[in-house]
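Please open the model in your viewer and keep the sequence panel beside it.

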Amino acid sequence: MATKESKNGPADAAPADEPVVRLRGVGKLYGNVRALEGIDLAVRPGRVTCVLGDNGAGKSTLIKIISGLHQHDEGEYLVDGEPVRLNNPRDALNLGIATVYQDLATVPLLPVWRNFFLGSELTRGPWPVRRLDIQRMKKITDEELSAMGIHLDNLEQPIGTLSGGQRQSVAIARAVHFGARVLILDEPTAALGVKQSGVVLKYIAAARERGLGVIFITHNPHHAYMVGDHFAVLRLGALELNAAREDVSLEELTNHMAGGTELAALKHELAQVRGVDVDELPEEVTAPSA
Ligand SMILES: Nc1ncnc2c1ncn2[C@@H]1O[C@H](COP(=O)(O)OP(=O)(O)OP(=O)(O)O)[C@@H](O)[C@H]1O
């Protein structure tokens, strides 16, 4: 079970605009490897918080802490304004924090509606003749997908026959149905082409419209900027940018992600290689902003 830490009692009710999830100075060590340090992050209802960063920057560690898979070693993790310590993902789910992983944990050969209710099947009738309530599960699946603007011709089709974008969208609708207030999306567009990524971005926006706080993990600043309200860029375990949309342009975000200084050095090296026309590389590579 999640334990609420005693510093704030239940009397300290969270004000209406309080973030659902807030991290204050959170740090994490794996032995003597420092994976995260001094992370401040707020996830508000009806807002998309994008977490960007290169490989090894600490994105997975951060979502593991928020989703209850790992515990933080430093700082505070607050839910509804109260410090918590989550022992497992069930604790996070009980607080309304759901994670949609890239592999989606679906059974490809089972119909869409079976996957929607996987592990939480509805039944009817008394024990020992209790049976699956197939009609109700199909109806709810249909209603929940429609509410997110997802229209499938046939809920009987195996989920493995859907496109990658559609499968992600079903997983998002499923999390919303089972009571998520905060949705963590682990690189949902990483393996998708342009069109399918567009499908997923549309449903991220739909989840926001339904009042969820969304944490969107991505490598891609363009995808982040299409739906993001707030941007956190991780670099070597620390936040190198933590800015609201109005305070950062797409160009700045791209430059932070690209590591402008490193790219400038790379461009210099490429200049020594025959056949690489460095003048064709983007201008910001040579003039990174601070
Ligand atoms: N279980 C572990 N034991 C030791 N070090 C770890 C462990 N997990 C992660 N690390 C280290 O912590 C740092 C952050 O890793 P993390 O996986 O969180 O980064 P990431 O941004 O998610 O990268 P990727 O996009 O490649 O998954 C890295 O230096 C990594 O080597």
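A residue is called buried if 20 or more other C-beta atoms lie within 10 Å of its own, exposed if 12 or fewer do, and partly exposed in between, with the C-beta atoms placed from the backbone. By that rule, buried residues make up 36% of the 290 residues in the protein chain. What you see is a predicted model, in which local features need pLDDT of at least 70 and side-chain atom pairs count only at pLDDT 80 or more, while totals for chains, interfaces and linings use all residues. Residues are numbered from 1 along each chain as its sequence is written.

Colour by secondary structure next: the protein chain has nine helices and 13 strands, where helices (H or I, at least four residues) and strands (E, at least two) are DSSP runs numbered from the N terminus.

Now select the open sheet of six strands, whose order is 7-10-11-4-12-13 with mixed pairing; two strands pair if DSSP finds at least two bridges between them. Its edge strands, strand 7 (97-100) and strand 13 (238-244), each pair on one side only.

Select strand 10 (residues 182-186) and strand 11 (residues 213-218), which pair in the parallel sense over five bridges, and find Leu183, whose bridge partner in strand 11 is Val214.

Move on to strand 12 (residues 230-235), where five of the six residues are buried. Strand 4 (residues 48-53) runs parallel to strand 12 and is joined to it by five bridges, and Thr49 has His230 as its bridge partner in strand 12.

Finally, strand 12 and strand 13 pair in the antiparallel sense over six bridges, and they form a hairpin with two residues between them.
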